[in-house]
2 protein chains.
Amino acid sequence: MQTQPLAGVTVLDFGQVYNGPYCGFLLAQAGARVIKVESLIGETLRARGEKASSTFPFSFLNTNKQSITLNIKSADGQALLKRMVRDVDVVFENFAPGTMDKYGIGAEALRAENPRLIYASSTGYGNAPGPYRDYLGMDITLQAMAGVMSITGEEGGPPLKTAAAFADFIAGTHLYAGIVSALFARAQSGEGATVDISMQDCVLPTLATALGSYYVADQQQPQRGGNRHPGRALAPYNVYSAADGHVAIICIREGHWRKLSEAMGNPSAAEDPRFATMADRAANMDATDALVNSWTSERTRAEITEIMQHHGVICAPVNDLNDVVNDPHLAARGTIEKRPHPTLGEIAQIHTPLRYRDIDPPALTDPPKLGAATADILAEFAGVDDAELKRLRDNGVV
Amino acid sequence: MQTQPLAGVTVLDFGQVYNGPYCGFLLAQAGARVIKVESLIGETLRARGEKASSTFPFSFLNTNKQSITLNIKSADGQALLKRMVRDVDVVFENFAPGTMDKYGIGAEALRAENPRLIYASSTGYGNAPGPYRDYLGMDITLQAMAGVMSITGEEGGPPLKTAAAFADFIAGTHLYAGIVSALFARAQSGEGATVDISMQDCVLPTLATALGSYYVADQQQPQRGGNRHPGRALAPYNVYSAADGHVAIICIREGHWRKLSEAMGNPSAAEDPRFATMADRAANMDATDALVNSWTSERTRAEITEIMQHHGVICAPVNDLNDVVNDPHLAARGTIEKRPHPTLGEIAQIHTPLRYRDIDPPALTDPPKLGAATADILAEFAGVDDAELKRLRDNGVV
């Protein structure tokens with residue numbers, strides 16, 4: 001592959017917050033031309049300010065995009081969009097359900113202008129009929145609805161979210177996947193498509209381990225267990241104390257326990273009848289964990305990780321955010337690139353996870369200023385001249 | 001779109017456990033012909049048994065696939081694979097790093113047999129050079145290494161995993177996305193590609209909210225906060241008690257709080273000076289949460305959810321696994337289909353999240369028996385006749 005895989009593809013990105021913008025990020029980093037279409041005050045994340053907790057996410061999600069403003073609530077804005085889509089390949093959005101249809105610019109209306117168009121959306125519960133279709137959904141409420149909170153948390157404690165916004169990001173990844181699948185199909189058929197991604201659908205498969213425990217236990221919910229195995233069937237399998245924090249260690253086969261015992265310099269542990277088999281260790285889980293913890297707690301995360309990897313034990317340090325943004329492996333892979341930011345100082349900008357041996361990811365550009373490309377894009381895609389642009393600006397359309 | 005988007009694409013799926021098999025699941029449900037290539041005892045999940053906690057995940061991840069056995073440690077197995085790849089479009093795997101190269105059947109060797117081939121892999125840390133490249137990685141250790149555990153957990157408590165295996169599934173989704181992007185590029189260029197997906201890369205973007213808080217706080221790690229907002233900047237934003245469990249409610253704009261106050265039949269709450277602005281409510285977070293909790297705790301999850309959605313408040317019930325497998329919306333969308341299973345009874349089989357308005361997902365088939373298609377596939381792709389097949393079986397190659 002000599003060029004970026006999506007070179008030549010043009011996209012209108014109506015993404016908000018994480019889900020849609022991450023799809024646009026993946027498209028832009030794969031070589032598509034991504035035009036971010038924003039309201040006159042900017043999309044939700046941008047509108048929260050130039051030094052807010054939303055500033056860093058906005059910055060990394062919107063590299064390599066152009067920005068235009070467009071008031072889709074105005075009839076002129078809707079008409080402009082219909083002119084533009086005749087020359088684009090993809091329109092996607094993650095507004096509340098029905099927003100684009102309400103303004104007369106939903107999938108059917110836009111595909112009528114361009115039968116090759118791929119129109120894609122992602123909402124909490126999808127656009128197909130169903131009782132939750134019109135529900136508002138965000139990452140946290142999807143973690144609740146989709147069952148994730150019910151299985152996460154301390155033993156005896158309440159249900160808990162994960163602080164990683166994975167429902168948003170796994171949906172944005174599926175949104176990208178659905179779009180590129182439709183582009184591939186169009187290359188054969190010439191026909192466009194309407195892609196419909198539900199965050200709830202995307203989260204469901206991640207319950208695999210928990211649902212596995214549920215079904216083998218005759219449909220009983222597994223109890224929350226902190227960092228232990230959901231079915232309490234594997235040990236050691238936990239987060240252990242280190243001299244400078246914590247490490248995660250899991251043994252999923254008998255061989256892992258023998259290797260761990262050797263790594264701890266305690267090969268006789270593997271012979272102790274309390275620890276002889278996986279079933280024995282699971283039955284003596286507290287004693288098993290205590291044995292491991294007594295060894296790990298006297299060593300640093302780095303020492304433990306190096307010894308464990310050397311012995312073929314599955315182990316990792318529990319890294320904090322400072323560790324992550326300075327991670328030597330993410331730097332070596334070119335996944336993180338330190339770049340100056342106008343209000344945050346030096347930040348860890350992120351390159352795409354979609355990587356190819358034969359081609360480097362594109363050089364990052366700064367996220368665009370709001371509407372920086374409005375005049376150029378409207379001229380190119382809708383033949384808007386200076387006089388019309390002035391009228392559109394005066395009327396609050398762009 | 002009249003046919004499935006990947007109709008006509010042929011794939012050899014060397015996937016193990018979740019990451020690779022989920023990629024193969026998405027490919028098969030998108031219409032590709034997916035041939036699951038397994039060792040003579042079956043891939044890791046299958047090999048754990050017919051009624052184990054791995055049985056349900058194996059069942060839903062391997063629908064609509066064919067299965068063959070192939071001993072890739074044998075010279076004859078390696079030679080057979082090289083014959084087969086001349087007629088396939090995609091080979092993917094998620095073995096430990098370097099496994100396929102060790103057997104002489106890595107990306108370069110297979111692409112030499114077929115320059116149009118797309119070879120894709122996903123490992124914990126990717127195949128590009130870097131200090132962790134050869135580390136073993138699994139979902140739990142990636143949650144540790146990539147920073148997710150450090151931000152998840154109760155206030156004052158230890159770092160915590162989420163029990164959703166999202167690191168595996170988000171990597172599998174990226175693996176699919178990388179493969180289909182390469183297929184699209186090949187449709188223009190005729191050239192294959194080598195796709196390299198690192199689970200660590202895929203998890204990194206999900207830290208968006210936490211990294212946003214980290215950077216705006218001059219690179220200070222946000223404290224773990226249970227179900228509260230990481231930066232403690234938004235309230236109400238929590239999980240609250242219901243008469244029959246819990247609900248999640250988040251207010252991210254001032255209007256949400258007014259709507260929530262109305263929904264609770266307590267519009268004057270919005271005027272109380274402790275709760276007047278988001279900053280006031282964040283400063284009085286315990287009192288704000290107590291006010292909401294006193295209302296929710298007297299109502300069921302269903303009552304609360306209905307009232308909140310009616311008022312435009314972002315809310316969802318904390319569903320358990322029994323709720324999820326019987327979810328009426330997942331049933332209405334056709335995402336869950338109840339099907340009989342030989343050892344588990346009736347189970348919730350899962351359809352693809354990649355959905356198109358113009359086309360239904362394919363009918364599900366049962367997961368294949370180990371090696372059920374070995375004879376047919378070897379005849380079709382490598383011209384193996386009965387005599388050669390007998391020799392291969394006798395020698396433990398298939």
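Student: Starting with H15(A): which residues are exposed on its other side?
Tutor: A:Ala302 and A:His310 are exposed there. Helices (H or I, at least four residues) and strands (E, at least two) are DSSP runs, numbered from the N terminus.

Student: Before going on, what kind of model is this?
Tutor: This is a predicted model, in which local features need pLDDT of at least 70 and side-chain atom pairs count only at pLDDT 80 or more, while totals for chains, interfaces and linings use all residues. Residues are numbered from 1 along each chain as its sequence is written, and chains are lettered from A and ligands numbered from 1 in the order in which they are written.

Student: And what does chain A average in pLDDT?
Tutor: The average for chain A is 96, and 99% of its residues score at least 70; pLDDT is the predictor's confidence in each residue, from 0 to 100. For the model, ipTM is 0.98 and pTM is 0.98.

Student: Back to H15. Which of its residues in chain A are buried?
Tutor: Helix H15 of chain A runs over residues 301-310, and its buried residues are A:Arg301, A:Ile304, A:Thr305 and A:Met308. They line one face of the helix, because seen down its axis they fall within an arc of 95 degrees. The arc is that of the directions from the helix axis to the C-beta atoms.

Student: Why would residues three or four places apart point the same way?
Tutor: An α-helix has 3.6 residues a turn, so residues at that spacing do so.

Student: What covers the buried residues of H15(A)?
Tutor: The cover includes strands S7 (237-242), S8 (245-250) and S9 (314-317), along with helices H12 (254-263) and H14 (285-296), in chain A. Just after H15(A) comes A:Gly312, with a positive phi of about 75 degrees.

Student: What about Gly312 in chain B: where is it found?
Tutor: B:Gly312 sits in the loop between helix H15 (301-310) and strand S9 (314-317) of chain B. It counts as partly exposed, because it has 16 C-beta neighbours inside 10 Å. Leaving aside neighbours within four places in sequence, B:Gly312 is in contact with A:Leu136 and B:Lys259; contact means that the C-beta atoms, placed from the backbone, lie within 7 Å.

Student: By what turn can chain B be laid on chain A?
Tutor: A turn of 180 degrees with a shift of 0.0 Å along the axis does it, at an RMSD of 0.0 Å. The two copies are thus related as by a two-fold rotation axis. The superposition is by least squares on the C-alpha atoms of residues with pLDDT of at least 70 in both copies. The copies meet through the same surface, because 98% of the interface residues of chain B are also interface residues in chain A.

Student: New topic. Which residues touch the most other members of the largest nonpolar core?
Tutor: A:Ile179 and B:Ile179 do, in a core of 258 residues. A nonpolar core is a set of buried Ala, Val, Leu, Ile, Met, Phe, Trp, Tyr and Cys residues joined through C-beta atoms within 7 Å. Not counting residues up to four places away in sequence, B:Ile179 touches B:Val90, B:Phe92, B:Ile118, B:Ala120 and B:Val195.

Student: Last one: which peptide bond is cis in chain B?
Tutor: The bond from B:Ala235 to B:Pro236 is cis, with omega near -5 degrees. B:Pro236 is in the loop between helix H11 (208-216) and strand S7 (237-242) of chain B. B:Asp218 is found in the loop between H11 and S7 of chain B too, and its phi is near 55 degrees, a positive value in a residue other than glycine. B:Asp218 is exposed, with 8 other C-beta atoms within 10 Å.

Notes:
A residue is buried if 20 or more other C-beta atoms lie within 10 Å of its own, exposed if 12 or fewer, and partly exposed in between; C-beta atoms are placed from the backbone. Two residues are in contact if their C-beta atoms, placed from the backbone, lie within 7 Å.
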